[in-house]
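Q: Could we go through this model together, starting with the domains and then turning to the chain contact and the cores?

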Amino acid sequence: MATVELKAVARKYGNVTAVSEVNLTVGDKEFVTLVGPSGCGKTTLLHMIAGLLEPTAGEVLIDGQVVNHVDPKDRDISMVFQNFALYPLKDVYGNLAFPLRMRKMPTAEIDRRVKETAALLGLTDLLSRKPRELSGGQQQRVALGRAIVRSPKAFLMDEPLSNLDAKLRVQMRAEIKRMQRTLGVTVIYVTHDQVEAMTMSDRLVVMNQGQVQQVGTPQEVFRNPVNQFVAGFIGSPSINLFPARLLSDAGTLVLSMDGGALPIPEWAAQQLRQRAAGAVILGIRPSAISVFTSERSGAQRCALYDIEPTGEETYVYITLGGRLLVSRMDDFPTVPMSSAVWAQFAVDGLHLFHAETGQSLLDRSLAPAGEGELRGPS
Amino acid sequence: MGGHLTRRLLASLGLYTVLLVLLVLALAPFLWMISSSLKMERELYQYPAVWIPARFNWENYRKILLGLDPMTTLFGRQALNSLIVSFGTSAFGLLVALPCAYAFSRFQFPGKRSMFLAVLLQNVFPLIAFLLPLYFMMGTLGLRNTYAGLIIAYLVFTMPLSVWLLKGFFDSIPPDMERAARMDGCTRFGAFWRIAVPLATPGMIATVIYTFTIAWNEYMYALAMTSSANMRVLQLGINAFFRQETTDWGGLMAWAFIMSVPIVILFGALQKFFLRALTAGSLKY
């Protein structure tokens, strides 16, 4: 198995920078996901690791060897594509055998490996079918099979689940993760779906506009996003972000916002002591807001906007100072729209971002893993 | 219910009538050609015309195929010439158009757009516009009255459509399929050759049919580019039937029929493959 290392890797198209200066080390047997909105450069980066694209700057290393000028075929890594990219004129057997035939493996060995892989993925009965005769899920399995059949050093996966329906997607998510753990392989995975990224990866690489925003475990990235973009991108429903002012009230720091004020917990206050008062962006996860139908101390009065029961949990939309916020509740009573409700903010769930740069002002790893952050991402 | 059924019946009746008319229009000249080639001399001018000759006269075919008529002794040679030129045009056409179309489909290079437009623009000019320039160019190159000269001339005017047709096929193949092939162990060329080219089979067949038919039937360039009798192609051989005083219609029709056989066979043989290739490629990749 293998390590993949990127040193200041960049790709430009004319004057347009698709990927700028990415530094990243993917360890052996690690599952790392490049995640970001479409057009953020994640697929470009993956293609550079694959060798399908040459970086315009920087170095790509596989197992410590610089491979910038090595052909994809000689990098010994395999790739699964979004549209599966099965060879339509070959049957399942032919598709699985193709990478082995290209490596001039003896026929008997090819046969053994193809059958072994087919058995692993439940494709044994489908070997003589053509790709178009398979369902989406089966095509997906063949694509996976073609990637694992030759036991490469690492796997690259480019949005492999986005062509599947929702139910199958969840199932294949678990299957891919199990396969990665069972085979003990290095996987670099690309997706725009933050749920996929959170649930499958050892580490996330959050990208936006060609730049790496943050690298970390799903929990790190969720709990302690380095900037407003990462906070907004990771988590479902999205974090509530709105402008607020940092005020010093007789030595104690307070956050003032339209429609109310929030005290600042001690761990955060310590970090903010050096800062001048001023405008900030306040972030608070839906799970850190509790909504009540009756008044209680410390809760802000707001108006109910909408209730979205999903079965498991309920999203409660409220307006506070003219802004729409969402709260995630286990349950919520049926009350008329626009009635007065009271929102309680779990202050330990507080995120603060610089009003201009969007950089996080708090190191939230010092926050107690308390209320509001107990319920992780779905 | 009854009205609905009647309407459907009327609709299909109308459809079949139209198809029948089209079929008759398309087949009548062809059948007339066969009929005339089998008639005795006097039946040719008989009025009212007869479609089926009283007695099949195979003489026209005998004299062509066995070279009995002094005017048509070169049939064998000319058939060979036609086959060489037509196969040559198809084969070289494919050989050049395939990578050309692929490059236009897959690669980014400066001037790509204008070059592709230039290729297509050539179709706008009438064929005769290229006749003189090509005639003199072939003279300079010493290719007049050679197979190569004629093949190159035909390539000049079949290439634009061939490239355009094949580019369309390559455009419909997702590039990820070739990327997959490169990951699986193919070189860049290998991905083109092993994956893209087989998937473009319907396009290649259409291209072959098109170029072969053009080369097989073209008259003007064939006449201009060849001068000696044994370099003439079949379509020029027809001239031999227009004699000083008379026209040998029976012989001419037999010649024309013999000429149409390879084209019919080509269509028949490739159509099956063409359809199979089309359905095989119809997977929504």
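**Domains, chain contact and cores**

A: Chain A is divided into domain 1 (4-228) and domain 2 (234-366), with bounds that come from an automatic or database domain assignment. This is a predicted model, in which local features need pLDDT of at least 70, side-chain atom pairs count only at pLDDT 80 or more, and totals for chains, interfaces and linings use all residues. Residues are numbered from 1 along each chain as its sequence is written, while chains are lettered from A and ligands numbered from 1 in the order in which they are written.

Q: How far apart are the C-alpha centres of domain 1 of chain A and domain 2 of chain A?
A: The two centres lie 38 Å apart. The contact between these domains takes 12 residues from domain 1 of chain A and 13 residues from domain 2 of chain A; two residues are in contact if their C-beta atoms, placed from the backbone, lie within 7 Å.

Q: Now chain B: what is its domain assignment?
A: Chain B has domain 1 (2-57) and domain 2 (69-280), and their C-alpha centres lie 32 Å apart. Seven residues of domain 1 of chain B are in contact with six residues of domain 2 of chain B. Helix 1 of chain B gives the most to the domain 1 side of this contact, with four residues.

Q: How many helices and strands does chain B have?
A: Chain B has 13 helices and zero strands.

Q: What is its radius of gyration?
A: Chain B has 24 Å, whereas a compact globule of 285 residues would have a value near 19 Å. The radius is taken over C-alpha atoms, and the globule rule is 2.2 Å times the number of residues to the power 0.38. The C-alpha atoms of chain B fill a box of roughly 75 × 70 × 35 Å along the principal axes.

Q: Where do chains A and B meet, and how many residues take part?
A: The contact takes 18 residues from chain B and 19 residues from chain A. Helix 8 (175-183) and helix 9 (188-199) of chain B each give two or more residues to the chain B side, and helix 8 of chain B gives the largest share, six residues. That side of chain B has 11 nonpolar, three polar and four charged residues.

Q: And which residues touch the most other members of the largest nonpolar core?
A: Of its 143 residues, these are I49(A), F155(A), L156(A), I188(A), V206(A) and A196(B). Such a core is a set of buried Ala, Val, Leu, Ile, Met, Phe, Trp, Tyr and Cys residues joined through C-beta atoms within 7 Å; a residue is buried if 20 or more other C-beta atoms lie within 10 Å of its own, exposed if 12 or fewer, and partly exposed in between, with C-beta atoms placed from the backbone. Helix 7 (residues 147-171) of chain B gives the most to this core, with nine residues.

Terms used:
Ala, Val, Leu, Ile, Met, Phe, Trp, Tyr, Cys and Pro count as nonpolar, Asp, Glu, Lys and Arg as charged, and the others, Gly among them, as polar.
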